[in-house]
Amino acid sequence: MNLKEYKKIWYSLIMAEEETNQENTQRYIIPACELTENAVLDFLKRHNFNRTFPLNLIDLTKAINGFSIFYLVDKEEYKDIEAAIDTKHNFIAINARFKKSYLCGRYIICKMIAHIALGHIPEGAMWTEPVESKRDEEDKRLNHVTASFAYELLMPEKDFKEQWTKLGHDIDKMSVYFGASQTHILQRKCYLFKEGDNGC
């Protein structure tokens, strides 16, 4: 069974579980930045993890029930997959192309952690994150929530604004401080600052 087939079966099972036993599935709905911040802080507290910068993703994933991080095998069949999570064997695997864009891969790992933290994946199940052009409706529905969580986990609003001032609006220094790509630094800056207020 390939990952696509597994995911299709998983969607059927999770939708049935939601209909029959919704109260047993932990899910956060995060419509606002403050709630995202609280969800991230609650997640870190639950795993007794003290966040430093740049965020130590290896230590954080270990704190989540001993998860490990790997690269997917560089094969054609995985080209449309950004990352995968296996909660039975406790690993997160990201596409091999992120070996060349390591900082972008860190953001993808944070999105995978968001799926775990927000209860999107039942225990013992697997999740695959497709590239943007291949996302189905479920992926699109969850993407804004996981992206918001990932940004707050990797570059918390409070710390980002503080460092933006301290580091003199220097994108390179911000990238090093947070361990995030310059693209993600710019996107975070544009989201957190209004136009004309150090923003875009």
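**Loops, core and a helix pair in a predicted model**

Asn48 is found in the loop between α2 and α3, where helices are DSSP runs of H or I with at least four residues and strands are runs of E with at least two, numbered from the N terminus. This is a predicted model, in which local features need pLDDT of at least 70, side-chain atom pairs count only at pLDDT 80 or more, and totals for chains, interfaces and linings use all residues. Residues are numbered from 1 along each chain as its sequence is written, and side-chain values use heavy atoms, with hydrogens and water left out.

Asn48 is not a glycine, yet has a positive phi of about 50°. Asn48 is exposed, with a relative accessible area of 73% (buried is under 20%, exposed over 50%, partly exposed in between, with a 1.4 Å probe and protein chains only). The loop between α2 (33–46) and α3 (57–63) also holds Pro54, and the peptide bond from Phe53 to Pro54 is cis, with omega near -5°.

Asn65, in the loop between α3 and β1 (68–71), has a positive phi near 55°.

I turn to the core. Which residues touch the most other members of the largest nonpolar core? Of its 45 residues, they are Leu60, Ile113, Phe149, Leu153 and Phe160. Such a core is a set of buried Ala, Val, Leu, Ile, Met, Phe, Trp, Tyr and Cys residues joined through side-chain atoms within 4.5 Å.

Finally, Ile171, Asp172, Met174, Ser175 and Phe178 in α7 meet Gln182, Ile185 and Leu186 in α8, contact meaning heavy atoms within 4.5 Å.
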